[in-house]
Amino acid sequence: SFIIEERSFMSCEDLLYGRMSFKGFNPEIEKLMIQMNSRCKEEEIEVDDKMEADVSDEEMARRYETLVGTIGKKFLRKRDQRVLQDEDEDGNSNRRPSKKAKKKFLKPQD
Amino acid sequence: MAAGRGTAAEACVGQVVLPGDVLLLPARPDEDGERLRLGAGAAPRGRLLCGPGLRRCAAGLLVTKCGLLRHRQAGGGATAAGGAYWVDSQQKRYVPVKGDHVIGIVTAKAGDVFKLDVGGSEQASLSYLAFEGATKRNRPNVQVGDLIYGQFLVANKDMEPEMVCIDSSGRSSGMGIIGEDGFLFKVSLGLIRKLLAPKCEIIQELSQLYPFELVLGMNGRIWVKAKTVQQTLIIVNILEACEYMTAEQRKQALAKFSGN
């Protein structure tokens, strides 16, 4: 049969972690106590502490919406940039014919 | 005097055993290593943990320390499958064991290595890189005389013990330099194990008394810090005395102080 020799008491008895704090003297150690002792009893349970956000989720979503557009514009070629500008000024129909006129070559009138 | 024939291990659980006693284990039905039984629990049943104070011998287990024989049943999932036997002995002198968390006092700084006094026969060494977030440029601020809580990486009778202040995943998990103030004192090793037991009444009763912080090292050293010097000294005296007090006497002593 297999007999394993051990010289440590930690694997024989279920000993707690050596650092302890009571009644809130050291809050970090109290958090550590809960973490360590729950690890001994069960498998490690990862507690996801949701950190308090400085910026709310909604604000974040709004900012990202415009941010994607702004950064995307940086990488457009010049022609595409003009097309974008055209799309922005959709309502203004006056400028369009003038721009189209500019694009065409004007024949000199006799 | 020839040693008498051994007694069954199960019969001696909870009784005093002396060095030289031989404990017989029940014969295993499936000792044949060739045949691998494909069944649940066939392999783990063979493994037995032989703890401190016991040694393997031809017939079974040989006792090397005097004390009470303890046994833990098999099972438990995460812990070692198969039972465990060990001797619950009492001693004051600590022998470094790998994996133990201890409190050490820094005695010297030798280049890249600190020398710590852990109460054993030799001083333990601790490299300055064995702290969380330590690099060659970012050295930990350790002075001679500081208290360090760490665990043994290497601890056998042939080599100098080595300590580290991080665990296997690189996090400090509470180890490192113990802060300022507080009081360090020494108790016997049996008391430390009693205090570290899962449901220790002494610790529970003390925690109702004052807010305080406690670090227990397996080498018999305890560090206590409370808000005032008087509270610290009260806790120290109770911890030192509770080894030889009965539960009644302890409750009486604590009742006197809970008014303060």
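1. B:Leu69 stands opposite B:Val87 of strand S8(B). The model is predicted: local features need pLDDT of at least 70, side-chain atom pairs count only at pLDDT 80 or more, and totals for chains, interfaces and linings use all residues. Residues are numbered from 1 along each chain as its sequence is written, chains are lettered from A and ligands numbered from 1 in the order in which they are written, and side-chain values use heavy atoms, without hydrogens and water.

2. Strands S7 (residues 67–72) and S8 (residues 84–88) of chain B pair in the antiparallel sense through five bridges. Two strands pair if DSSP finds at least two bridges between them; strands (E, at least two residues) and helices (H or I, at least four) are DSSP runs numbered from the N terminus.

3. An open sheet of five strands has the order S1(A)-S4(B)-S8(B)-S7(B)-S2(B), with mixed pairing. Its edge strands, S1 (3–5) of chain A and S2 (16–17) of chain B, each pair on one side only.

4. Another open sheet, with antiparallel pairing, has four strands in the order S2(A)-S16(B)-S17(B)-S15(B). At its edges, S2 (19–22) of chain A and S15 (183–186) of chain B each pair on one side only.

5. In chain B, the antiparallel strands S16 (residues 212–216) and S17 (residues 221–226) are joined by five bridges. Here B:Glu213 has B:Lys225 in S17(B) as its bridge partner. Helix H3 (residues 229–241) of chain B packs on this sheet and touches S15, S16 and S17 of chain B, where contact means heavy atoms within 4.5 Å. The direction of H3 makes about 150° with that of S17(B); axes are lines fitted to C-alpha atoms, for helices over the stretch in contact, and angles run from 0 to 180 degrees between N-to-C directions.
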